[in-house]
Amino acid sequence: MLEPLAAYLAQYHCLSERDFLHLVPLLKRRRVVRKERLFTAGEARGLDLFVESGCLRIYSATDDGAERILLFGTENTWWCHNLVAGAWLLPSVGIDALERT
């Protein structure tokens, strides 16, 4: 279940197996369906995201209501707290699923 995240962290970060085991109880798995929004524009959020499968997008709504894609989160991609927190600072930014994720 956590193998993709463990492999990602082993590849990009110096996280020991022992440290990873301390991290596991803090994790929460969430599945989202296509077009489901994790956060709507202006909603408070404060978490990191790891996309195990599927695809998420961060988008920004313009004044006229159009949505502009800022970033995609594809399989085995980590979205750090700073990125998600940065999205929170912009009230017109939201995150949703492009496919089952």
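Below are my notes, starting with the overall layout and ending with the salt bridges.

1. Ground rules. This is a predicted model, where local features need pLDDT of at least 70 and side-chain atom pairs count only at pLDDT 80 or more, while totals for chains, interfaces and linings use all residues. Residues are numbered from 1 along each chain as its sequence is written, and side-chain values use heavy atoms, with hydrogens and water left out.

2. The layout. The protein has 3 helices and 6 strands, where helices (H or I, at least four residues) and strands (E, at least two) are DSSP runs numbered from the N terminus. Along the sequence the pattern reads α-α-β-β-β-β-β-α-β. Of the 101 residues, 27% count as buried; buried means under 20% relative accessible area, exposed over 50%, and partly exposed in between (1.4 Å probe, protein chains only).

3. Helix H1. Which residues of H1 (residues 3-12) are buried? They are Leu 5, Tyr 8 and Leu 9. These cover an arc of only 95° around the axis, so they sit on the same side of H1; the arc is that of the directions from the helix axis to the C-beta atoms. Turned away from that buried side is a face with the exposed residues Glu 3, Ala 10 and Gln 11.

4. The largest pocket. Its volume is about 760 Å³, and 25 residues line it, with Lys 28, Arg 29, Arg 30, Asp 48 and Phe 50 nearest its centre. H1, strand S1 (37-39) and strand S2 (49-51) are the elements giving two or more residues to the lining, and S2 gives the most, with 3 residues. A pocket here is an open set of points on a 1 Å grid over the protein atoms alone, where a 1.4 Å probe fits, with protein on both sides within 12 Å along at least five of seven lines; lining residues have an atom within 4 Å of a point. The volume is the space filled by probe spheres set on the points, which are joined across faces, edges and corners.

5. Two phi angles to look at. Most residues other than glycine have a negative phi. Lys 35, though, has a positive phi near 75°; Lys 35 is in the loop between helix H2 and S1 and is exposed, at 60% relative accessible area. Asn 76 also has a positive phi, about 60°. You'll find Asn 76 in the loop between strand S4 (67-74) and strand S5 (77-79), and it counts as partly exposed at 38% relative accessibility.

6. Salt bridges. How many salt bridges does the structure hold? There are 5, each being a side-chain nitrogen of Lys or Arg within 4 Å of a carboxyl oxygen of Asp or Glu. In one of them, Glu 36 meets Arg 30 at 3.3 Å, N to O.

7. A salt-bridge network. Arg 37, Arg 57, Glu 67 and Asp 96 are linked in a network of salt bridges. Glu 67 pairs with Arg 37, with the closest N and O atoms 3.0 Å apart. Because Glu 67 lies in S4 and Arg 37 in S1, the pair ties together parts 30 residues apart in sequence. Asp 96 pairs with Arg 57, the closest N and O atoms being 2.7 Å apart. This pair links distant parts of the chain, with Asp 96 in strand S6 and Arg 57 in strand S3 (residues 55-61), 39 residues apart. Are Asp 96 and Arg 57 buried or exposed? Both are buried.
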